Amino acid sequence: MGKIAFLFPGQGSQTVGMAKDAADHDDRARAVIAEADERLGFALSKLMFNGPQEELTLTYNAQPALLAASIALWQLVDGAGLKADYVAGHSLGEYTALVAAGAMSFADAVYAVRRRGELMDEAVPAGEGTMAAVLGMDAEALEAVTNEIAAQGDPVEPANFNCPGQIVISGSKAGVEKAAQLAKERGAKRVIPLEVSGPFHSALMKPAAEKLKAVLDSLVIRDAAIPIIANVTAEPVTKKEDIARLLIEQLYSPVRWEQSVRTLLSLGVDTFVEIGPGKVLSGLVKKIDRNARVYAVNDLASFEATVAALKGE
């Protein structure tokens with residue numbers, strides 16, 4: 001058997017009720033959710049399990065909620081004795097990966113992403129920035145489009161290189177709308193506006209990055225026990241200095257997800273286990289390499305099925 005990578009989802013995968021069956025069934029999962037409530041000083045668990053969805057989706061709620069749900073599910077996987085050779089997470093999911101790799105405590109990570117969400121929200125007033133997914137256009141052609149619009153004074157740039165033919169752009173509302181129009185004129189199949197509250201992973205997030213540095217400086221970051229594939233570089237990192245620097249750069253740099261998966265494949269990974277709500281990353285991995293073996297652990301039943309499949313080998 002080849003190597004295993006654990007993948008952790010980012011914002012957009014949150015759903016009311018996520019990880020509830022894990023918390024109901026398992027003491028370690030339950031303890032994670034309780035620790036999140038304690039560290040943040042409010043009942044995040046209530047929001048996770050009961051909603052409403054609109055409140056759960058707010059950036060500063062969605063980020064700690066997804067981290068808590070994903071780590072609760074990871075506790076099940078870890079408790080079953082399944083170990084990863086590498087970890088990676090999409091945007092916010094990078095913090096989940098750091099907890100799984102032993103580079104951050106869960107309590108520090110949940111506090112960091114709550115503050116990260118607040119700072120991202122403050123950096124650009126709601127409604128002034130946005131994001132959109134561009135389908136069916138290659139990276140070079142799309143970068144030419146965003147450069148052209150940005151040169152006219154409306155900030156916009158590629159933010160997530162997700163998989164072949166799926167790239168997310170981010171920037172001012174006008175910049176994203178104009179780039180979307182131009183991309184369609186130049187052959188993009190579809191452009192889908194995203195339900196987000198700001199222009200994440202763009203230069204407009206630089207004010208938030210400076211404040212995030214102060215937050216991370218107040219927390220303990222250790223060398224990782226398992227290499228993490230960083231969003232910014234799509235390369236493995238283990239040193240605490242590199243981890244801290246890249247978390248700050250990540251706020252205003254594109255997420256190189258397709259390249260991160262290709263890096264994992266080149267390192268001998270043939271089995272990917274997505275741990276956390278939804279199956280977004282599983283779908284992206286299959287689009288990058290349809291021969292990869294992909295499992296998603298997003299509830300108790302899928303956890304049991306995944307353990308049975310992997311331990312049966």
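**Helix packing up close**

A: Let's start with helix H12 (residues 257-266) and helix H13 (residues 280-288), which pack with their axes 10 Å apart, at an angle of about 70°. Keep in mind that this is a predicted model. Angles from 65 to 115 degrees count as roughly perpendicular, and H12 and H13 are therefore roughly perpendicular to each other. As for handedness, H12 and H13 make a right-handed crossing. On the H12 side, the contact is built from Trp 257, Glu 258, Val 261, Arg 262 and Leu 265, while H13 brings in Leu 281, Leu 284, Val 285 and Ile 288. Sorted by class, this contact of H12 with H13 has 7 nonpolar residues, 2 charged ones and no polar ones.

Now for another helix pair. Helix H8 (residues 139-151) packs on helix H9 (residues 173-185) at about 135°, and their axes are 9 Å apart. That angle makes H8 oblique to H9. H8 crosses H9 in a right-handed way. H8 makes the contact through Leu 142, Val 145, Thr 146, Glu 148 and Ile 149, and H9 through Gly 175, Lys 178, Ala 179, Leu 182 and Ala 183. By class, the contact of H8 with H9 has 6 nonpolar, 2 polar and 2 charged residues.

And the rings? There are 0 aromatic pairs in the structure. Lysines do sit over rings, though: Lys 206 lies over the face of Tyr 252, 4.9 Å from the ring centre, and Lys 20 lies over the face of Phe 49, at 5.9 Å from the ring centre.

Key:
Residues numbered from 1 in each chain as written. Predicted model: local features only at pLDDT ≥ 70, side-chain atom pairs only at ≥ 80, totals over all residues. Heavy atoms only, no water. Phe/Tyr/Trp six-rings, centres within 6.5 Å; stacked < 30°, edge-to-face > 60°. Lys NZ or Arg CZ within 6 Å of the ring centre and 35° of its normal. Axes fitted to C-alpha atoms, helices over the stretch in contact; angles between N-to-C directions. Helix = DSSP H or I, 4+ residues; strand = E, 2+ residues; numbered from the N terminus. Parallel < 35°, antiparallel > 145°, perpendicular 65-115°, else oblique. Left-handed = near helix turned anticlockwise from the far one by under 90°. Contact = heavy atoms within 4.5 Å. Nonpolar A, V, L, I, M, F, W, Y, C, P; charged D, E, K, R; others polar.
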